[in-house]
Amino acid sequence: MTTHGGQEPVFCTIVPPHLLDRLARNEDPALSGPARRSLQRDAMERTRRRLTTVVGATAVAPPAGKQAEQPHRTVYDARHRTDLPGTKVRGEGQQPGKDATVNRAYSGLGATFELYLKAYGRDSIDGSGLPLDATVHYDEKYNNAFWNGEQMVFGDGDGEIFLDFTIPVDVIGHELTHGVTQHTANLAYFGQSGALNESVSDVFGSLIKQYTLGQSASEADWLIGAGLLAPRVTGTALRSMKAPGTAYDDDVLGKDPQPATMDDYVHTGSDNGGVHINSGIPNHAFYLVATALGGHAWEKAGQVWYDALTGGKLKEDADFAAFATLTVQTARERYGAGDVLQAVQKGWEQVGVRTL
């Protein structure tokens with residue numbers, strides 16, 4: 001698989017390791033068992049991803065006869081096993097079946113394809129019509145969803161803490177956006193560059209949901225993973241871009257640890273240097289920019305972020321300041337010295353990230 005700058009594609013999951021770690025230590029086996037198995041499976045898939053990268057994955061070309069700028073989706077059913085991709089259950093253009101999980105995965109792949117094509121002129125994840133494959137019903141009570149560098153994989157959740165991972169369309173968009181990042185800036189998955197990697201996926205995951213629902217920036221909930229948490233959980237989602245640190249406050253999961261500004265930046269060696277935690281800071285910056293501009297967030301604010309990600313100037317090890325500076329530059333280049341530029345500058349200033 002070709003990657004920008006030779007960096008290996010990362011293994012990215014929607015549920016942060018710190019949440020599964022906490023669940024794995026719970027005294028209730030109904031909670032700890034699935035969490036432990038999910039952590040073990042994540043570790044195995046992460047190793048598989050690295051081995052595939054070393055050996056060299058075969059590049060995937062669009063199928064013969066595929067029309068340009070049209071999705072090519074295939075959904076597979078793992079039938080609660082772990083062999084990928086599984087049994088094919090729905091191909092491009094086929095009618096919905098009785099399995100709601102399959103139908104949601106198919107629709108989510110299409111929604112992601114459509115946002116990137118209609119808003120930014122990008123033909124699929126790689127920009128060249130890459131087929132979009134997804135596997136559902138992965139493993140038993142698997143508490144995660146991931147992009148493994150080649151395809152999407154969805155667990156059904158344990159039913160206690162997490163529900164079916166195809167329910168929130170922004171989860172699908174988030175994970176597929178890791179593929180966009182992989183094929184463009186390929187941000188290193190550690191520290192601030194890793195937090196940017198996660199944040200970019202949250203940004204476009206949210207934009208895909210907003211585009212699908214036809215929402216303006218003021219109408220959007222700015223939550224990542226709304227509908228994923230089971231009824232027993234005291235919380236609304238995995239993360240909040242509007243108010244990082246408020247997505248959940250639960251006796252089992254603990255309190256959402258995301259900071260909203262650099263004043264509360266978390267220094268940690270876990271989770272690849274806190275990539276799922278400190279992503280709250282650039283997430284909040286985007287929310288501030290988008291709501292300041294109003295209208296549809298995928299238009300001006302999203303365009304600036306997309307230009308910064310895909311323009312070829314973003315380095316793999318970029319920190320928050322470097323990315324913020326680049327968004328200021330791209331805003332000026334595309335929109336001039338007007339309201340967009342001012343909103344971008346002010347958004348980063350409000351979260352305490354200095355632009356150079």
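**Entry 1: the α5/α7 crossing**

I looked up the handedness of the α5 and α7 crossing in this predicted model, and the crossing is right-handed. The convention I used calls a crossing left-handed if the near helix is turned anticlockwise from the far one by less than a right angle, and right-handed if clockwise. Helix α5 covers residues 191–213 and helix α7 covers residues 280–293. I took helices as DSSP runs of H or I with at least four residues and strands as runs of E with at least two, numbered from the N terminus.

Two packed helices are described by the angle between their axes and the distance between the axes. For α5 and α7 I noted an angle of about 35° and axes 8 Å apart. The axes are lines fitted to C-alpha atoms, for helices over the stretch in contact, and the angles run from 0 to 180 degrees between N-to-C directions.

I then listed the residues that meet, with contact meaning heavy atoms within 4.5 Å. From α5 these are Leu196, Ser199, Asp202, Val203 and Leu207, and from α7 they are Pro282, Asn283 and Phe286. By class, I noted 5 nonpolar, 2 polar and 1 charged residues in the contact of α5 with α7. The classes count Ala, Val, Leu, Ile, Met, Phe, Trp, Tyr, Cys and Pro as nonpolar, Asp, Glu, Lys and Arg as charged, and the others, Gly among them, as polar.

I looked up asparagine 283, which is found in helix α7. Asparagine 283 is buried at a relative accessible area of 0%. My cut-offs are under 20% relative accessible area for buried, over 50% for exposed, and partly exposed in between, with a 1.4 Å probe and protein chains only. Leaving aside neighbours within four places in sequence, asparagine 283 is in contact with Ser199, Asp202, Val203 and Met241. I also noted 9.6 Å between the C-alpha atoms of asparagine 283 and alanine 195, which are 88 residues apart along the chain.

Leucine 187 sits in the loop between α4 (169–182) and α5. I found leucine 187 buried, at 1% relative accessibility. Not counting residues up to four places away in sequence, leucine 187 touches several residues, including Leu196, Asn197, Leu314 and Glu316. From leucine 187 to lysine 98, 89 residues apart in sequence, the C-alpha to C-alpha distance is 39 Å.

**Entry 2: helix α1**

In α1 (residues 17–24) I found Leu19, Leu20, Leu23 and Ala24 buried. They cover an arc of only 135° around the axis, so they are on the same side of α1. The arc is that of the directions from the helix axis to the C-beta atoms. An α-helix has 3.6 residues a turn, so residues three or four places apart point the same way.

**Entry 3: backbone in loops**

I looked up the peptide bond from leucine 84 to proline 85 and found it cis, with omega near 5°. Proline 85 lies in the loop between β2 (73–77) and β3 (87–91).

Arginine 79 lies in the loop between β2 and β3. Phi of arginine 79 is near 55°, a positive value in a residue other than glycine. I found arginine 79 exposed, with a relative accessible area of 52%.

For serine 124 I noted phi near 70°, again positive in a residue other than glycine. Serine 124 is in the loop between α3 (100–120) and β4 (132–136). Serine 124 counts as buried, at 2% relative accessibility.

I placed asparagine 103 in helix α3. Asparagine 103 is buried, with a relative accessible area of 17%. Beyond residues up to four places away in sequence, asparagine 103 touches Arg90, Pro96 and Gly97.

Threonine 325 is in helix α9 (residues 320–335). I found threonine 325 buried at 10% relative accessibility. Not counting residues up to four places away in sequence, threonine 325 touches Arg354, Thr355 and Leu356. Threonine 325 and valine 344 are 19 residues apart in sequence and 9.6 Å apart in space, C-alpha to C-alpha.

**Entry 4: confidence and conventions**

I looked up pLDDT, the predictor's confidence in each residue from 0 to 100. The protein chain averages 92, and 91% of the residues score at least 70. Over residues 1–7 pLDDT stays under 50, and the model has 19 contacts beyond four places in sequence for them. Over residues 51–59 pLDDT also stays under 50, with 6 such contacts.

Local features need pLDDT of at least 70 and side-chain atom pairs count only at pLDDT 80 or more, while totals for chains, interfaces and linings use all residues. Residues are numbered from 1 along each chain as its sequence is written, and side-chain values use heavy atoms, with hydrogens and water left out.
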